[in-house]
Structures are given as C-alpha cells and as structure tokens.
Amino acid sequence: ALLIALMQCFTIIPAGHTGVIDFLGYVSDITLKPGVNMVNPMANVEKMSIQTQELKEVMSVPSKEGLSVNLEISLLFKLDSEKANDIYKTVGPNYSEIILVPQFRSVVRGVTARYEAKALYTASREKLAGEILTELEKLVGPRGIIVEQAPLRQIQLPERLTKSIEEKLQAEQESQRMEFILTREKQ
C-alpha cells in the first residue's frame, strides 16, 4: 500500500507536452516540464501539447471588389509552455477551438478584403500570408499562443475572373513577343 501511495506522487510528462497542476480547483502557477515530476497524489495533472500543430481551413472570403474567393489556408501554431496554466485557467484545454479558430477566420477575411482578387492570384500571396500572420500574432500572442506560419495552400478565384486574368497575361506575353520581333527587325 505504501508503494502504491508513493507511486501516486510521481507523474510523467511526455516530450513535447507541459503539465498543468489542478489541485481541487486551484491551478498552480508552475507548469511541469517533460519527464518525471513529483506532485501531490490528489492533484489532477492536465497534459497540454506544446508541439507545433496545424489548423487547416477552407473558406470563402471576400476580395476588395466584393468577389467571393475560395481559399485553402493552414495555420501552424503552438502553445507557449510558460502561459499554459493561464490558458487552462481562463479557456481550458480546447483553447484552439475557442480562441484561435474564430480569430483566424476573422483575420483572414479582413486581410483578403483589402486585396483585389487578381492580386491574390499573383505575387501578392506572400504579402497576404505575412499580413495574416502579423495580425493574428497581435490577437493571440498575448494569450499564450505562438503563431509560426500561415501558408496559403490554394486560391481559387471565380472561373470568369481566372479566365480573364489568363487572357490578359497571354495578351501581355504576345505584346512583349511582338516588341521583340519589331526590335529585331529594326536592328
């Protein structure tokens, strides 16, 4: 019986996790590091992941012109181990659904509304991803969530717009080709 009671005083926190001690409703300000830790046998230890996690979203977002653009985007984030106890106290273990997902969706819609649809389709993708990352960090960073990246996986514009952009690019290429021919003929 003594051996069993002694074994209850130790808990193992796996690698990539942090432990939050909940003792009869009181959450300790100290978080447990990975490995073997000694705790009160009556305390509940909540193991929370501090590994990088991915959130995938497929959403229809507005562009500056009011067009609806289908966007597939990921978010790479992790929990700050130093603030895990605050997250557990104020939000709970499902913090990503409560804090991160709504903020992420709101920020993506707000940022894409500042860009024209053709800009989303061309070189402005990296700038767009950077703005999403910056704005999201401002909102969730102080709460204890570290945002690493917000890569755009796929942008699907309305079919008519895609066709017109491709036709415009083709016309520009044709114009450049004709300029080259004229220059060569002059020489």
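**Exercise 1. Work out whether Leu24 is buried or exposed, and where Leu24 lies.**

Leu24 counts as exposed, because its relative accessibility is 67%; exposed means over 50% relative accessible area, buried under 20% and partly exposed in between, using a 1.4 Å probe and protein chains only. Strands here are DSSP runs of E with at least two residues, helices are runs of H or I with at least four, and both are numbered from the N terminus. Finally, look at the backbone: Leu24 is not a glycine, yet its phi is positive, about 50°.

A word on the model before going on: it is predicted, so local features need pLDDT of at least 70 and side-chain atom pairs count only at pLDDT 80 or more, while totals for chains, interfaces and linings use all residues. Residues are numbered from 1 along each chain as its sequence is written, and side-chain values use heavy atoms, leaving out hydrogens and water.

**Exercise 2. Describe how helix H3 packs against helix H5.**

Start with the geometry: H3 (residues 95–112) and H5 (residues 125–140) pack at about 140°, and their axes are 9 Å apart. The pair is therefore oblique, the class left over once angles under 35 degrees (roughly parallel), over 145 (roughly antiparallel) and 65 to 115 (roughly perpendicular) are set aside.

**Exercise 3. Find which residues touch the most other members of the largest nonpolar core.**

Such a core is a set of buried Ala, Val, Leu, Ile, Met, Phe, Trp, Tyr and Cys residues joined through side-chain atoms within 4.5 Å. The largest one holds 40 residues, and Leu75, Phe104 and Ile132 touch the most other members. H3 gives the largest share of this core, eight residues.

Now zoom in on Ile132: leaving aside residues up to four places away in sequence, Ile132 touches Ile73, Phe104, Val107, Val108, Val111 and Ala150.

**Exercise 4. Decide whether Glu126 is buried or exposed.**

Glu126 belongs to helix H5. Its relative accessibility is 65%, so Glu126 counts as exposed. To finish, compare positions: Glu126 and Met48 are 78 residues apart along the chain, and their C-alpha atoms are separated by 32 Å.

Conventions: Axes are lines fitted to C-alpha atoms, for helices over the stretch in contact, and angles run from 0 to 180 degrees between N-to-C directions. Contact means heavy atoms within 4.5 Å.
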